[in-house]
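This report describes selected features of the structure shown below.

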Amino acid sequence: MTAMAPAVGSAEAIRRFNSHDGKTARRRRLVTRIVTHACIWVGVLLSLFPFYWLFAMSTQTTAQIFGFPVDFFPSNQLWINIRGVLSNIDLLGALRNSFIVSGSLALLVMFFDSLAAFTFAKFEFPGKTVLFRILLVTFLVPGSLSLVPSFVLMSRLGWVGGLQALIIPGAANAFGIFLLRQFCETSLPNELIESARVDGAGFFRTYWSIGLPMLRGGVAFLGIFTFIGSWNDYVWPLVILVNPNVQTLQPALAQLNTMYSTNYGWVMAGALISVLPLIAIFIIGSRHFIANIAAGAVKG
Amino acid sequence: MAALSRRSLLTGAAGLGVLSLSAALSACSSPASISAGTDELTLWYWPRSMNPSALKDAAHGIPGTNKRLNAMTPANTNWDTRLRTSLAGNADVPDIVAINSNVSLYFFDEDMFVDMNKFGAQSFKSQYFDWKWSYGETPSGRMCFFPIDSGPTGFYYRADVFAKAGLPTDPDAVSAAVRTWPEWIELGKQLRAKTGSHLLINSTQLFNQIVNASPERYFNRAGDPLYTRPGSAIKDAWDIAVTAIKAGVLGNQQIATDQNAGWVTGKTAGHIEAVWWAQILLDTAPKTKGSWRLASQPVRAGNSGGSFLAIPHTCQDPEAAFKFITWSQTAARQAQAYNEVQLFPSTPAALTGGTMKDASHGFFGPQDSLAFFKTQAETVPSAFISPYEQIANYFTTEIANVEAGGKDPNRAWDDAVNETNQVLRKHGVNV
Amino acid sequence: MTAHTTGVPLRAKPRNRPISEARGTRTRSALRFWPQYVSIAPFYLLFVVFGAFPIVFSIVISFTDWDGMGRMTFVGLKQYQYLLGDARFWQSVSNTFIIWIISTIPMLFIALVVAFLLHQNIRLKSFYRVALFIPNVTSMVAIALVFGSVFSDQFGLANAFLKWIGGSNAGVAWLTDPWGIKITIALMVIWRFTGYNAIIYLAGLQAISSEIYDSARVDGAGTWRIFSRITIPMLRPVILFTVITSTIGGLSLFTEPQVLLGNTGGTNNAGSTIVLYQYYQAFQNFDFGYGSAIAWALFVLVLLFAIINWRLVSGRKEDEFGRALPGPIGRWRQRNTAKKEAGR
């Protein structure tokens with residue numbers, strides 16, 4: 001985001017236009033700025049309110065949550081609720097499984113997608129055009145459409161109930177390959193690859209020592225993106241994870257809701273636990289993530 | 001991206017190379033039985049569906065076998081989805097499983113379960129209520145579902161709210177005031193007018209409990225639909241529910257959280273349910289303890305809930321599983337189960353054994369809930385639950401549409417009948 | 001790394017053209033290229049096994065009556081016949097579209113306004129962006145639980161607020177009234193994706209040259225006029241893109257209604273979407289055959305939309321099939337440059 005163009009109606013532009021009438025312009029500018037900030041703050045508050053509310057409810061007793069009038073402020077039940085959830089449902093186990101699934105999926109996607117993208121961007125080989133077109137067409141195939149046959153396939157493979165059913169099928173995807181191919185084209189000079197070849201490096205060595213390091217920005221973005229997507233995946237784990245001892249966070253949370261609807265404080269505490277790691281990861285990587293999401297999404 | 005060094009990326013990538021390889025190699029199959037290769041038998045049950053002491057004892061070893069019991073409590077909603085998914089996926093299937101009163105759902109796939117007659121189940125038959133035992137036998141005569149508890153129902157009500165409305169509060173007086181459903185609705189109207197409270201959460205609950213108390217249900221044994229016949233029990237229940245909706249005595253609470261809020265706040269001052277519901281109510285609205293009472297529901301008591309134990313075909317040691325089942329469901333164990341978790345027995349001997357105690361601990365004020373449900377149990381009718389009931393569940397959906405969506409009752413009834421028939425035809429039943 | 005963290009990808013420059021290892025010797029054996037084939041193989045292998053095969057296999061299943069456990073019975077086209085006459089299926093289709101419309105239109109409009117506001121050179125910009133974007137990375141299950149309590153008929157905050165404003169008789173049956181259900185789901189979608197779309201629009205805005213704005217200002221155009229006459233037309237390709245993603249998202253709506261209302265989609269199945277109905281038939285009724293037939297109907301719908309979108313976006317140029325994808329923005333730039341040159 002460094003090479004940013006001067007903004008729409010930027011202060012500079014307005015100043016240039018209004019320079020003959022400084023005082024009114026300054027006042028108008030101030031009003032505009034206040035209105036702008038006020039509008040954005042409405043949006044920010046609406047965005048963040050559910051998180052506040054989630055927090056507030058997880059600190060209340062069930063009776064407070066269901067009570068009337070509505071109790072708007074946090075209470076002191078947070079630890080009691082959290083302890084209640086953790087001692088009644090294996091949420092930490094689900095948390096661990098979610099980390100295993102999302103983490104290994106992200107790593108696999110980063111590896112396979114960057115390798116394929118490197119190849120598509122930098123090498124010619126017979127059938128390349130056709131293969132790449134096929135890859136583009138697979139964009140059209142949405143994942144959640146084939147619940148039944150995928151389930152039957154998993155049952156034939158003996159993967160029903162196993163975490164590999166959530167990891168292996170998505171280990172390489174068209175979106176990531178496409179995205180990283182863009183990065184390759186813009187950030188990986190051919191001279192480097194050429195000189196690696198002159199030095200006698202083979203294909204994989206070139207990828208490993210030149211391609212991957214040069215692509216790390218895009219690869220890291222893809223990793224976070226994949227991690228978040230997988231973390232929030234709901235319908236497929238809901239179908240495939242039949243063993244009550246092997247759950248990921250989302251289905252575990254939905255079960256918590258239906259199982260303890262009489263103890264809503266627990267449910268909210270559980271929801272809070274499931275939301276926090278992701279928000280932390282996002283905030284840490286947010287600058288980079290937001291900068292790339294537009295680039296990624298626009299091509300997705 | 002300064003935070004991410006080239007080295008850490010490479011290390012990560014190297015790690016993942018190993019990881020993906022090992023994942024590919026070790027992607028071994030989940031076993032069909034969840035406890036394969038152990039000396040355990042795994043039971044799936046939901047909280048308060050089994051006798052806790054029996055489970056504790058069996059965890060050290062099931063008497064007469066060399067197996068130990070591993071009791072698991074998976075989430076209890078979509079119970080059948082979980083069990084059927086694991087059966088269809090042939091993975092992580094438990095060795096013993098509790099199934100609710102809707103066992104007929106599994107009749108089409110009875111091969112998925114072990115026939116307990118192979119181990120001499122018939123010799124236990126005389127110990128249990130006839131109607132309960134016959135629910136567990138498949139149409140082809142296999143005994144796949146062994147009785148746990150039964151669920152005679154009653155009319156729960158808030159005596160304090162009734163008093164505020166100037167209604168009778170004494171259980172006998174309330175029972176006498178609601179001998180018929182029109183009387184019950186009339187009572188609800190007065191309650192609503194004076195206090196604004198509802199008599200029951202919603203129309204689905206009312207409709208289902210009327211059906212549960214009826215000797216005639218949706219289908220006969222031959223699979224013929226009965227609901228289209230003139231004067232059918234289903235249509236009667238439907239009409240009562242519609243009248244109750246129009247009288248405004250139902251709360252139109254379609255979602256669990258709303259229902260809970262209704263009981264906590266007293267906006268809902270009544271319920272019709274079996275004995276096991278008292279504990280749920282206590283958990284939801286502990287502060288209402290002491291103000292609830294039990295009265296006989298109109299016409300006669302029904303059976304709601306009451307579960308069974310089954311042995312899936314993947315079980316490693318079905319004989320040991322059967323031994324556990326019979327050992328955990330003796331009259332003495334069932335009496336203990338009532339004392340511990342209010343599971344109403346399915347063996348008459350437990351009721352007369354004298355070891356059962358009123359376990360309500362003042363939840364119903366001075367009223368003895370055990371004595372109450374014992375009396376109710378005597379009026380529960382036998383009925384036939386057809387497997388098609390589970391496929392054709394449109395009546396309850398449509399009655400909810402009348403209540404919540406304001407749908408015309410006649411149109412809703414016609415839709416329910418048509419949709420049900422359509423589904424039956426799809427599954428090859430001639431209607 | 002700064003150059004390529006730019007929101008809009010740059011076009012490949014000539015010096016970055018792919019290296020041709022073959023160098024004119026096209027007749028050589030393809031075996032020579034084994035490292036290239038190996039490196040792209042994982043995607044194709046996984047796609048064939050876990051993507052393409054299930055779709056083909058679902059045709060087979062949709063011709064049968066099967067509950068996943070018992071015997072499969074071949075029933076020919078019966079499931080599809082039933083589908084055509086199944087009021088609940090068509091209701092799910094219409095629910096999906098209604099929710100899609102009442103969520104997408106306000107969402108994209110608000111996102112555009114937000115992006116426009118964010119594009120002013122204001123302070124706190126990066127904080128705003130993060131705050132507005134956070135809903136998008138939050139798990140839908142947790143948020144459905146929060147919305148479920150905020151919009152609860154009995155104890156919800158939304159109704160408490162309405163009562164506070166409009167007296168004790170005010171309040172909406174958000175989770176039982178058929179329209180209340182649809183609106184609640186739409187609000188969840190809006191909440192989750194407005195920030196996301198705003199960020200994308202913002203990237204689009206930043207790609208528009210400031211000269212255009214300056215000259216408009218000099219001509220005396222006001223903010224609204226600039227917004228409606230310059231910003232929106234310039235953003236058209238980006239808007240098209242967000243419409244496409246919203247369509248795909250809208251057609252596969254599942255988590256919100258399922259967590260909020262259960263597998264039947266609430267009163268009158270008012271919240272039953274196509275994917276939820278598919279799930280309900282397959283994994284509650286265990287009608288695998290019918291579930292597959294629904295999946296195919298959905299697939300046809302998605303395909304239809306994809307083709308429409310493709311046509312809208314790619315300008316019907318066959319040879320742009322691959323090159324066009326760098327994104328609407330890229331294409332807009334091309335077109336824009338062409339226009340500018342033509343104008344001079």
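## Basis and overview of chain A

Two residues are taken to be in contact if their C-beta atoms, placed from the backbone, lie within 7 Å. The model is predicted, with local features requiring pLDDT of at least 70 and side-chain atom pairs pLDDT 80 or more, while totals for chains, interfaces and linings use all residues. Residues are numbered from 1 along each chain as its sequence is written, and chains are lettered from A in the order in which they are written.

Among contacts in chain A between residues at least 6 apart in sequence, 74% join residues at least 24 apart. Chain A contains 16 helices and 0 strands (DSSP runs, numbered from the N terminus: H or I of at least four residues for helices, E of at least two for strands). Of its 300 residues, 56% count as buried, that is, with 20 or more other C-beta atoms within 10 Å of their own.

Helix H7 (residues 147-157) of chain A and helix H1 (residues 34-62) of chain C have axes that come within 8 Å and cross at roughly 105°. H7(A) and H1(C) are therefore roughly perpendicular (65 to 115 degrees).

From H7(A), A:Val148, A:Pro149, A:Ser150 and A:Leu153 meet residues of H1(C) including C:Phe50, C:Phe53 and C:Phe57.

## Helix H9 of chain C

Buried residues in H9(C) include C:Pro237, C:Val238 and C:Phe241.

Technical notes
Axes are lines fitted to C-alpha atoms, for helices over the stretch in contact, and angles run from 0 to 180 degrees between N-to-C directions. Angles under 35 degrees count as roughly parallel, over 145 as roughly antiparallel, 65 to 115 as roughly perpendicular and the rest as oblique. A residue is buried if 20 or more other C-beta atoms lie within 10 Å of its own, exposed if 12 or fewer, and partly exposed in between; C-beta atoms are placed from the backbone.
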